[in-house]
Amino acid sequence: MSAAKKRGLGRGLDSLIQSAPTAPTGARQLAVGELHPNRDQPRSRFDETGLEELADSIRAQGVIQPIIVTARSAGGYTIVAGERRWRAAQRAELAEVPALVREISGDQELLELALVENLQRSDLNSVEEAEAYQTLQDKFSLSQDELASRVGKARTTVANSLRLLRLPTEVTDLMRDGRLTAGQARPLLALDSREEQCRWAERAVNKSLSARDLERLVRSAKGGRKGRTPKARSIEVHTAAAEETLTQKLQTRVEIRRRGKGGRVLLHFHTEEELIRLYDLLISKGEGP
């Protein structure tokens with residue numbers, strides 16, 4: 001995809017890049033033991049399989065992209081961005097890692113930088129992103145307009161993300177696990193009861209319903225009409241397992257459609273932001289750790 005075409009994906013990518021500080025105060029090798037996780041790290045889960053794969057890559061090639069840190073008054077450094085690389089470096093038993101040291105003015109800037117960096121690297125699932133917005137808003141009393149401006153997103157994008165936190169824990173857990181996408185979850189917000197939201201979320205997962213399917217069925221349910229559930233695809237077990245793995249890895253619905261000896265792999269997205277996230281994720285996979 002050309003640079004011009006990439007810019008055409010929307011304002012999110014460029015505005016995020018522009019919003020990030022660009023003047024590190026130093027780049028050096030730091031002892032792994034001197035680095036400490038950020039207690040407000042937006043990313044709450046680290047996939048064990050992915051960590052082990054990254055550790056294998058680091059054993060072979062080292063840490064290619066420096067970890068961003070800031071000095072602590074108590075000694076050592078707080079990780080601003082790159083906790084996953086740091087965890088993998090520990091597994092690879094590295095003594096030191098490359099790091100860029102930034103001057104951070106306080107907790108708000110630390111959280112903002114960690115959020116923006118994770119958004120740029122597409123490392124957050126939809127729930128983690130929404131929770132990070134919520135933390136920034138609550139902790140520093142920011143309006144949605146102020147919050148959107150700080151992280152380089154449209155206000156409507158931030159508002160739509162925050163709305164996902166109104167869903168029950170059972171539903172957001174499905175999103176954290178990559179079994180339900182944000183696009184599938186949004187129609188559930190129109191349902192009146194927690195029980196209905198959970199029931200339809202499970203149904204979407206079990207029957208591989210698309211966001212469009214759910215929108216139609218939820219609309220029918222609210223209108224008192226009987227919605228017809230699309231017939232589930234017939235799919236053999238190995239292909240189903242591969243779809244599930246890819247869906248969890250990419251945090252969006254993935255379909256493998258076989259035809260003869262070939263076929264297609266379909267990646268679903270419902271917003272410009274989701275397309276940008278998938279684009280960055282697929283590009284980054286080819287660039288190493």
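**Close-ups of a predicted model**

**View 1. Asp-173 and Arg-176 sit about one helical turn from each other, because they are three residues apart in helix H9.** Asp-173 and Arg-176 make a salt bridge, with 3.8 Å between the closest N and O atoms. An α-helix has 3.6 residues a turn, so residues three or four places apart point the same way. Asp-173 counts as partly exposed, at 29% relative accessibility, while Arg-176 counts as buried, at 16%. The cut-off for buried is under 20% relative accessible area.

**View 2. Arg-176 also pairs with Glu-131, in a salt bridge whose closest N and O atoms are 2.4 Å apart.** Glu-131 comes out as partly exposed, at 28% relative accessibility.

View 3. Zooming out, the count of salt bridges comes to 10. Elsewhere, a network of them links Glu-48, Glu-52, Asp-56, Arg-59 and Arg-91.

**View 4. The largest nonpolar core has 21 residues, and Leu-167, Val-171, Met-175, Leu-180 and Leu-188 touch the most other members.** Four helices supply at least two residues each: H9 (169-176), H10 (182-185), H11 (194-206) and H12 (211-222). Which helix gives the most to this core? That would be H11, with five residues. A second, separate core holds 20 residues, among them Leu-54, Val-63, Ala-88 and Val-97.

**View 5. Met-175 gets its own close-up, showing its contacts beyond the neighbours within four places in sequence.** The contact list runs through Asn-125, Ser-126, Val-127, Leu-164, Leu-167, Leu-180, Ala-182, Ala-185 and Gln-251.

**View 6. Helix H7 (residues 144-151) has Leu-147, Ala-148 and Val-151 buried.** Looking down the axis of H7, the buried residues fall within an arc of 100°, so they line one face of the helix. Asp-145 and Ser-149 are exposed on the other side of H7. Just after H7 comes Gly-152, with a positive phi of about 70°.

**View 7. Pro-37 is in the loop that runs between strand S2 (35-36) and helix H3 (48-61).** With 39% relative accessibility, Pro-37 counts as partly exposed. Ignoring residues up to four places away in sequence, Pro-37 touches Thr-78, Ile-79, Glu-83 and Trp-86. Take Ile-79: Pro-37 is 42 residues from Ile-79 in sequence, yet their C-alpha atoms are 5.3 Å apart.

**View 8. Leu-246, Val-265, Leu-267 and Leu-282 make a nonpolar surface patch of about 310 Å².** Leu-246 lies in helix H13 (residues 237-250) and counts as partly exposed, with 32% relative accessibility. For context, the accessible surface of the protein comes to about 15,400 Å², and 47% of that belongs to carbon and sulfur atoms.

Technical notes
Residues numbered from 1 in each chain as written. Predicted model: local features only at pLDDT ≥ 70, side-chain atom pairs only at ≥ 80, totals over all residues. Heavy atoms only, no water. Areas by Shrake-Rupley, 256 points an atom, 1.4 Å probe, with all protein chains shown as cover. Buried < 20%, exposed > 50% of the residue type's maximum accessible area, 1.4 Å probe, protein only. Contact = heavy atoms within 4.5 Å. Core = buried A, V, L, I, M, F, W, Y, C linked by side-chain atoms within 4.5 Å. Patch = residues over 30% accessible without salt bridge, like charges linked within 9 Å, V, L, I, M, F, W, Y side chains within 5 Å. Salt bridge = Lys/Arg side-chain N within 4 Å of Asp/Glu carboxyl O. Arc of directions from axis to C-beta.
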